[in-house]
Amino acid sequence: ICDLLRMYLEKEGYEVKTASDGVEGVTAFRMYEPDLVLLDIMMPLFNGMELAHVIRETNTAVKIVFLTSSPEFAVESYDVKASGYLLKALQYEKLCSVLDDCKAPQDEESPHIIAKIPQGYHKIYLSEIECLEAQNKKAIFHLCSGKVQEALGTFSNYAKPLTIENGFFKCHRSYIVSIPQVDHFNTAQIRTRSGMQVPIARGYGKEFKEVYFAYMFQKETTND
């Protein structure tokens, strides 16, 4: 597969360097500073997803494309901002299509999460989220529209982008709430704009109060 990729890429005018495992991949990336990295999910020593996380620690601009036998890793690929994936067996036309996508200018898109749902995958913008709840080993998105979206996968996986910087606060081990969507709160409970009651874990009340007013003050200052 590696030889076939090299042949296809060189046919398209690319200069190609290869690595046979994750450790060689780190060395090659730092040595050649490529514009595009194609990673097999299954590699010796450490896999393609682990290598992608290493790359993203120092480089957020390089395009990453995964080579895999199944697209089931799509939620995790969001974390490393992958540009696409190629399924085995490799097809030349599909490779060219992915390469064209990588070369095309990318519009700035609002922050979002790719949630895995029983019917496939669903994009949820952070601005749509009122609260994220852990429930029976699933993640439940409570949306500002009043809708509820159940997602397959762990609460902690979906929680990664829901940071204070993005306007969210983890007020309980099972809840993360959107600060702009808070209508009322005390030391024990938060009420969102839709009327949802969200518990605040013991000892988190003071911290939430400080975070809430700091965030809202900063937002008002920015608007001014």
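This is a guided tour of the model, one selection at a time.

The model is predicted. Residue numbers count from 1 along the chain as its sequence is written.

**Stop 1: helix α2**

Select residues 22-32, which form α2. A side-chain oxygen of aspartate 21 comes to within 3.0 Å of the backbone nitrogen of valine 23, at the start of α2.

Next, colour the buried positions of the helix. In α2 these are Gly22, Gly25, Val26, Ala28 and Phe29. What do the buried residues of α2 pack against? Their packing partners are β1 and α3, and both are visited below.

Move on to the residue after the helix. Glutamate 33 follows α2 and has a positive phi, near 45°. Glutamate 33 has this positive phi although it is not a glycine. Glutamate 33 lies in the loop between α2 and β1. Is glutamate 33 buried or exposed? Its relative accessibility is 64%, so it counts as exposed.

**Stop 2: strands β1 and β2**

Select residues 36-40 for β1 and residues 63-68 for β2. The two strands run parallel and are joined by 5 bridges. To trace the pairing, show two pairs of residues. Leucine 36 stands opposite lysine 63 in β2, and aspartate 40 has leucine 67 in β2 as its bridge partner.

In β1, 4 of the 5 residues are buried, and the strand is mostly covered. Why is β2 largely enclosed by the rest of the structure? In β2, 5 of the 6 residues are buried, so the rest of the structure largely encloses this strand.

**Stop 3: helix α3**

Then look down the helix axis.

**Stop 4: tyrosine 14**

Tyrosine 14 sits in the loop between α1 (2-11) and α2. With 27% relative accessibility, tyrosine 14 counts as partly exposed.

Which residues does tyrosine 14 touch, leaving aside those up to four places away in sequence? The contacts are Leu9, Leu36, Leu99 and Lys103. Leucine 36 was shown at the second stop, opposite lysine 63 in β2.

Tyrosine 14 and valine 98 are 84 residues apart along the chain, and their C-alpha atoms are separated by 14 Å.

**Stop 5**

Show the sulfur atoms of cysteine 96 and cysteine 102. How many disulfides does the structure hold? The number is 0. Cysteine 96 is in no disulfide, and the nearest cysteine sulfur, that of cysteine 102, lies 12 Å away. Cysteine 102 is likewise in no disulfide, with the sulfur of cysteine 96 as the nearest cysteine sulfur, 12 Å away. A disulfide would need the two sulfur atoms within 2.5 Å.

Compare the surroundings of the two side chains. Cysteine 96 has a relative accessible area of 17% and is buried. Cysteine 102 has a relative accessible area of 11% and is buried.

**Stop 6: lysine 137**

Select lysine 137, in the loop between β6 (129-135) and β7 (138-143). Lysine 137 has a positive phi of about 65° although it is not a glycine. Its relative accessible area is 83%, and lysine 137 is exposed.

**Stop 7: the sheet of β11, β12 and β13**

Finish with residues 182-185 for β11, 189-192 for β12 and 197-199 for β13. What is the order of the strands in this sheet? The order is β11-β12-β13, in an open sheet of 3 strands with antiparallel pairing. The edge strands, β11 and β13, each pair on one side only. On average, neighbouring strands are turned by 30° against each other, direction ignored.

Zoom in on β12 and β13, which run antiparallel and are joined by 3 bridges. Isoleucine 190 stands opposite valine 198 in β13.

Definitions and conventions. Predicted model: local features only at pLDDT ≥ 70, side-chain atom pairs only at ≥ 80, totals over all residues. Heavy atoms only, no water. Buried < 20%, exposed > 50% of the residue type's maximum accessible area, 1.4 Å probe, protein only. Pairing = 2+ DSSP bridges. Axes fitted to C-alpha atoms, helices over the stretch in contact; angles between N-to-C directions. Contact = heavy atoms within 4.5 Å. Polar contact = N/O pair within 3.5 Å; in protein donor to acceptor, adjacent residues only side chain to side chain.
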